Amino acid sequence: MPAEFVSNSEQETRDFAKRIAAKLRAGDVILFNGDMGAGKTAFTRGLAEYLGADGEVSSPTFALVHEYYGRIPLFHFDLYRISGFDDLYAVGFFDYLDRGGILAVEWSENVPNLENELENVVRVSIRKLSENGRKIIVSGEAF
């Protein structure tokens, strides 16, 4: 059964993400779905906070990946400018699967069939309801 939540602020989104993070394990891959500004990075901030990661969590749009280290490493990807598997291999995406962390992947829909190539997938859909309101649906084996 998917976990659903309506958030009315970035802080509520981060707090919900912390509750989800408590169920995650090393090797899990979070595939986000949501429009620009929906709250994917805010959700990732909550994950990083729960995991005890140091540093400011920001969108990795131009860097493609940001690494955060806490109890479990968190690798935050942005696939906005990625168009296929060749690009994923070129940036070393699949190498991160063996590094004992959690991958949080924004714009995963830009790589068709990516989910089919991964194990331990958690899907997080975030939809804008209003200026501050968001509906968040989390699904995967643990939810």
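Is Asn113 buried or exposed? Asn113 is exposed, with a relative accessible area of 52%. The legends below describe close-up views of a predicted model.

**View 1. Asn113 and Asn120 sit in one of the loops.** Asn113 is found in the loop between strand 5 and strand 6. The place of Asn120 is also the loop between strand 5 and strand 6. Most residues other than glycine have a negative phi. Asn113 is not a glycine, yet its phi is positive, about 70°. Asn120 is likewise a residue other than glycine, and its phi is positive, near 55°. With a relative accessible area of 31%, Asn120 is partly exposed. For Asn113 that area is 52%, which is over the 50% cut-off, so Asn113 counts as exposed.

**View 2. Helix 1 crosses helix 2.** Helix 1 covers residues 10-21 and helix 2 covers residues 40-51. Their axes come within 7 Å and cross at roughly 50°. That angle makes helix 1 oblique to helix 2. The crossing is right-handed. Helix 1 brings Glu10, Thr13, Arg14, Phe16, Ala17, Lys18, Ile20 and Ala21 to the contact. Helix 2 brings Ala42, Phe43, Arg45, Gly46, Leu47, Glu49 and Tyr50. Eight of these contact residues are nonpolar, two are polar and five are charged. An α-helix has 3.6 residues a turn, so residues three or four places apart point the same way.

**View 3. Helix 2 is largely enclosed.** Start with the length of helix 2. At 1.5 Å a residue, its 12 residues should span 16 Å. The end C-alpha atoms of helix 2 are 17 Å apart, which agrees. Now look at burial. Nine of the 12 residues of helix 2 are buried, so the rest of the structure largely encloses this helix. The buried residues are Lys40, Thr41, Ala42, Phe43, Thr44, Gly46, Leu47, Ala48 and Leu51. What covers them includes helix 1 and several strands, among them strand 2 (29-33), strand 4 (74-78) and strand 5 (102-106). Strand 6 (121-128) and strand 7 (134-140) are also part of the cover. Gly52 follows helix 2, and its phi is positive, near 75°.

**View 4. Thr44 is a buried residue of helix 2.** Thr44 lies in helix 2. Its relative accessible area is 0%, under the 20% cut-off, so Thr44 counts as buried. Which residues does Thr44 contact, leaving aside its neighbours within four places in sequence? They are Phe32, Val57, Leu74, His76, Ala104 and Glu106.

**View 5. Arg71 is an exposed loop residue.** Arg71 is found in the loop between strand 3 (65-68) and strand 4. At 58% relative accessibility, Arg71 counts as exposed. Arg71 is in contact with Tyr50, Leu51 and Gly52, leaving aside its neighbours within four places in sequence. Of these, Leu51 is a buried residue of helix 2, and Gly52 follows that helix. How far apart are the C-alpha atoms of Arg71 and Gly101? They are separated by 9.4 Å, although the two residues are 30 residues apart along the chain.

**View 6. Met1 and Ala142 are seen together.** Met1 is found in the segment before strand 1 (3-7). At 83% relative accessibility, Met1 counts as exposed. Met1 and Ala142 are 141 residues apart along the chain. Their C-alpha atoms are separated by 8.9 Å.

How values were computed: Residues numbered from 1 in each chain as written. Predicted model: local features only at pLDDT ≥ 70, side-chain atom pairs only at ≥ 80, totals over all residues. Heavy atoms only, no water. Axes fitted to C-alpha atoms, helices over the stretch in contact; angles between N-to-C directions. Helix = DSSP H or I, 4+ residues; strand = E, 2+ residues; numbered from the N terminus. Parallel < 35°, antiparallel > 145°, perpendicular 65-115°, else oblique. Left-handed = near helix turned anticlockwise from the far one by under 90°. Contact = heavy atoms within 4.5 Å. Nonpolar A, V, L, I, M, F, W, Y, C, P; charged D, E, K, R; others polar. Expected span 1.5 Å × (residues − 1). Buried < 20%, exposed > 50% of the residue type's maximum accessible area, 1.4 Å probe, protein only.
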